[in-house]
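I would ask you to look at the sequence and the structure together as I speak.

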Amino acid sequence: AIKNPIDTSNSPLVKSKELHLPPLCRRYNHLPLTSSWFLELLANQNKKRPHRKSHGLIPFKELAQTVAKNYREIDDETQSFVNEVAKRL
């Protein structure tokens, strides 16, 4: 059960007016997010991003391996939060 659902009923960006996101988990609780933080994600979901020259500081393979390693080591609370948000968006 969602304790503090975010109201999206007035947002033109949300296709489904029944979108209720779970409250932030402890890992992300310190972030200064507005109550509509996900609407920007939805608005920019289909936009093509401009090409940027890569900075060359970290190779893509190493970046992908680091992200994958961190995702495997994530705690259960954060894992369920991320999966729930992904499922609802």
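A residue is called buried when its relative accessible area is under 20%, exposed when that area is over 50%, and partly exposed in between. Please bear in mind that this is a predicted model. With a relative accessible area of 25%, Tyr28 is therefore partly exposed.

Let me turn to helix α3, which runs over residues 76-88. Which residues of α3 are buried? They are Thr78, Phe81 and Val85. These residues cover an arc of only 60 degrees around the axis, and therefore lie on the same side of α3. On the face turned away from that buried side, α3 carries the exposed residues Asp76, Ala86 and Lys87. The cover over the buried residues of α3 includes α1, residues 37-43.

Consider two of the buried residues individually. Thr78 has a relative accessibility of 0%, so it counts as buried. Leaving aside residues up to four places away in sequence, Thr78 touches Cys25, Arg27 and Tyr28. Phe81, at 10% relative accessibility, also counts as buried.

Finally, how many aromatic pairs does the structure hold? It holds one. Tyr28 and Phe81 form this pair, which is tilted, with 6.0 Å from centre to centre and 50 degrees between the planes. Because Tyr28 lies in the segment before α1 and Phe81 in helix α3, the pair ties together parts that are 53 residues apart in sequence.

Thank you for your attention.

Key:
Residues are numbered from 1 along each chain as its sequence is written. This is a predicted model: local features need pLDDT of at least 70, side-chain atom pairs count only at pLDDT 80 or more; totals for chains, interfaces and linings use all residues. Side-chain values use heavy atoms; hydrogens and water are left out. Helices (H or I, at least four residues) and strands (E, at least two) are DSSP runs, numbered from the N terminus. The expected span of a helix is 1.5 Å times one less than its number of residues. Buried means under 20% relative accessible area, exposed over 50%, partly exposed in between (1.4 Å probe, protein chains only). The arc is that of the directions from the helix axis to the C-beta atoms. Contact means heavy atoms within 4.5 Å. Rings of Phe, Tyr and Trp (its six-membered ring) pair if their centres lie within 6.5 Å; planes under 30 degrees apart count as stacked, over 60 as edge-to-face and the rest as tilted.
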